[in-house]
Amino acid sequence: MRIAVLGLGSVGYGLLSSIVDKHPNLTITGVADSKSAGINPDGIDITSLLAQKKETGICGDPSLTARDVVTHAPYDLLVEVTPTDAGTGEPAYGYIKEALSRGAHVVTSNKGPVALYYNELHELAQKNNVSFRYEATVAGAIPILHVMQHDLLGNTITALYGVLNGTCNYILTRMAEEGLTYTQALAEARELGYAEADPTYDVKGIDAGIKLVILANTIFQKNITLNDVSITGIDLLTDDALRLAEHQDCTIRLIGEIVPGTDLFRISPRIIPKNHPLVVKGTLNAITISTDMAGDLTFIGKGAGSIETASAILGDILYISQGKCMD
Ligand code: HSE
């Protein structure tokens, strides 16, 4: 399988490092970062490319771009991991459409195009008999989409509750357990590299809201936008509110909720008992799915990070390369 990779930030770098270490049989024929690109139909030497990126900040020829890779490189599967634009989905949306139209599979961690254009991209993939997969867009390393699309197919899912933003969870944990101020905790989360480029997306609940839209539209066959999600972030939460919760042996978490039958889509800070399964610490994510047959299932894991996100992307790549899906 020939693969082209667009985006060489922390996720793209983690993915290519994992491919070198664990799956050297995958042939990478194109790679692009924001300032350069490389194309080699026989396969790029990824170890050298990563070393060059580390040393010089660019991965290839500055006269080539991501657009050149999408349109000219020979590939069977495009991995799209450029930064998210939640307003337009671009430029990722254009790259993905081009690749699907060329008859290539697409795997992405980019939330913008999936939240905004899932139905169109899914139909384009079906028309061209290829796969469009996006496991890494929701809850990082937790394989939540695959579980709901495949393993729980025989169940009716009656509700989904979850901690979907690692940055907010980190801030709430540090404020409650170490007495940090909101500003201090947010600065730490940014340093760790978990926050979005614009961290207001995290703290105002928008990032979690986008993940809820992806879940609603791709798992529950809704057709909603971010405007349909009732969103309250953690940016206005006071230290006093956290202390008050502590006194009742509770704490506060930013919880996303979908109740399919009632069209409830909500992100809001909730006071919950400390021993509740959704009270996870630091940058962890947690999701509880309520079902008619399997009962309640809770999944906990790393919701962000270079290698953790690469885990979800690699899962999608290998699933497709083993010929297991066309969805
Ligand atoms: N900023 C996001 C988070 C990254 O903190 O969860 C993963 O989507």
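**View 1. Cysteine 168 and the cysteines of the model.** Cysteine 168 has a relative accessibility of 0% and therefore counts as buried, a term that denotes under 20% relative accessible area, with exposed meaning over 50% and partly exposed the range in between (1.4 Å probe, protein chains only). The model is predicted: local features need pLDDT of at least 70, side-chain atom pairs count only at pLDDT 80 or more, and totals for chains, interfaces and linings use all residues. Residues are numbered from 1 along each chain as its sequence is written, and side-chain values use heavy atoms, with hydrogens and water left out. The structure holds zero disulfides, a disulfide being a pair of cysteine sulfur atoms within 2.5 Å. Cysteine 168 is in no disulfide, and the nearest cysteine sulfur, that of cysteine 250, is 19 Å away. Cysteine 59 is also buried, because its relative accessibility is 4%.

View 2. A polar side-chain atom of glutamate 196 is 2.6 Å from a nitrogen atom of the ligand. For lysine 111, a polar side-chain atom lies 2.8 Å from an oxygen atom of the ligand. Glycine 166 has a polar backbone atom 2.8 Å from an oxygen atom of the ligand. Of the 260 Å² of accessible area that the ligand has on its own, the protein covers 90%; accessible areas come from the Shrake-Rupley method with a 1.4 Å probe, and for residues only the protein chains shown count as cover.

**View 3. Aromatic pairs.** Four aromatic pairs are present in the structure; rings of Phe, Tyr and Trp (its six-membered ring) pair if their centres lie within 6.5 Å, and planes under 30 degrees apart count as stacked, over 60 as edge-to-face and the rest as tilted. The pair of tyrosine 93 and tyrosine 117 is stacked, because the ring centres are 3.7 Å apart and the planes lie at 15 degrees. This pair links distant parts of the chain, 24 residues apart: tyrosine 93 is in helix 4 (residues 92-101) and tyrosine 117 in helix 5 (residues 111-127). Helices (H or I, at least four residues) are DSSP runs, numbered from the N terminus. Tyrosine 93 is buried at 9% relative accessibility, whereas tyrosine 117 is partly exposed at 25%. One aromatic cluster is formed by Tyr118, Phe132 and Tyr134.

Methods. Helices (H or I, at least four residues) and strands (E, at least two) are DSSP runs, numbered from the N terminus. A polar contact is a pair of N or O atoms within 3.5 Å; within protein, one must be able to donate a hydrogen and the other to accept it, and residues adjacent in sequence count only if both atoms are side-chain atoms.
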